[in-house]
Amino acid sequence: MQITAPAPIIYLPENLWSFFSRPGRELLVRIIGIEGKTLSLELGGDKFQARIGGTLNPEDFKVGESIRVRVIKNEGPIILQLISPRTSKVSSEFNFLYLVIPYKTKVPVSEAEVKETNLVVSFLRELIGYTTKKENREIEREEKELLLSKDIKTLKILYQEDKIILPFLFSDEKSWGYLELEIPEKVKDKVKIFSFKLFLEYMGLVEGIFSYLGNKVYIELYFSNFQTLEHAKREFKELQQMLFTNNILAQITLKEKKLSPGYLLEKEG
């Protein structure tokens, strides 16, 4: 009796984890093997495996072909959506691949995301310093020196009927954002000072709202990327401690915010 040993499982290599850390990223991978419902794949010379899911079947693939996939989930099992099926006629909405990673292993935050998190922390320090220095807590429309960091380049100021919009570009020239400065108004017992949106290459969209009540500053942050949120929770604890050490009363709240395509267009009307 001859027993054939099962083929070894090829987990996602650590050096590829950063490629799958950002939902929405599209990748071109090559199929190098098909065994039942398992695909052996190659990306940049590194090999790994994925399970076929959804409405896909092994017959939908061919060894040697390249397929385009989109990362749609990067926590728990990493899920890829097939967006260039070769033979399947079913909508790609139901075509999934599940990457093979060790049990309970999380895709680590990439070095680029760590740098972006540090950039966001520096950005918030600028805003907190600006907010706490203004004794009357009012934002004047002629205030043009709000962002003074060497990591931030301010662009042309835009004026609307009831607010001023201050666009800016980060030093990497890939990430950008804008501040919305409005007439301070009371929202849920706190006075809203301004809000901002950041568009970062790896972290995705980050939104923030600055408010105050008495001598305490309230900062609400919303992340579109859940994994980035988990990393930010650790980093922002240090920022909170730094503020406390410098006798600055500030409460930072971090939350996940699910976004749908066209979110900004819907909001702007």
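The model is predicted: local features need pLDDT of at least 70, side-chain atom pairs count only at pLDDT 80 or more, and totals for chains, interfaces and linings use all residues. Residues are numbered from 1 along each chain as its sequence is written, and side-chain values use heavy atoms, without hydrogens and water.

View 1. Strands are DSSP runs of E with at least two residues, numbered from the N terminus. T38 has 12% relative accessibility and therefore counts as buried (under 20%; exposed is over 50%, partly exposed in between; 1.4 Å probe, protein chains only). The side chains of T38 and R51 are joined by a polar contact of 2.5 Å (N or O atoms within 3.5 Å, one able to donate a hydrogen and the other to accept it).

**View 2. The aromatic pair F168 and F170.** The whole structure holds five aromatic pairs (ring centres within 6.5 Å; planes under 30 degrees apart are stacked, over 60 edge-to-face, the rest tilted). The ring centres of F168 and F170 are 5.6 Å apart and the planes lie at 80°, so this pair is edge-to-face. F168 is buried at 0% relative accessibility, and F170 is buried at 1%.

**View 3. The aromatic pair W176 and F199.** With centres 4.3 Å apart and planes at 20°, the rings are stacked. W176 lies in strand β10 (residues 176-187) and F199 in strand β11 (residues 190-200). W176 is partly exposed at 40%, whereas F199 is buried at 18%.

Technical notes:
Rings of Phe, Tyr and Trp (its six-membered ring) pair if their centres lie within 6.5 Å; planes under 30 degrees apart count as stacked, over 60 as edge-to-face and the rest as tilted. Helices (H or I, at least four residues) and strands (E, at least two) are DSSP runs, numbered from the N terminus.
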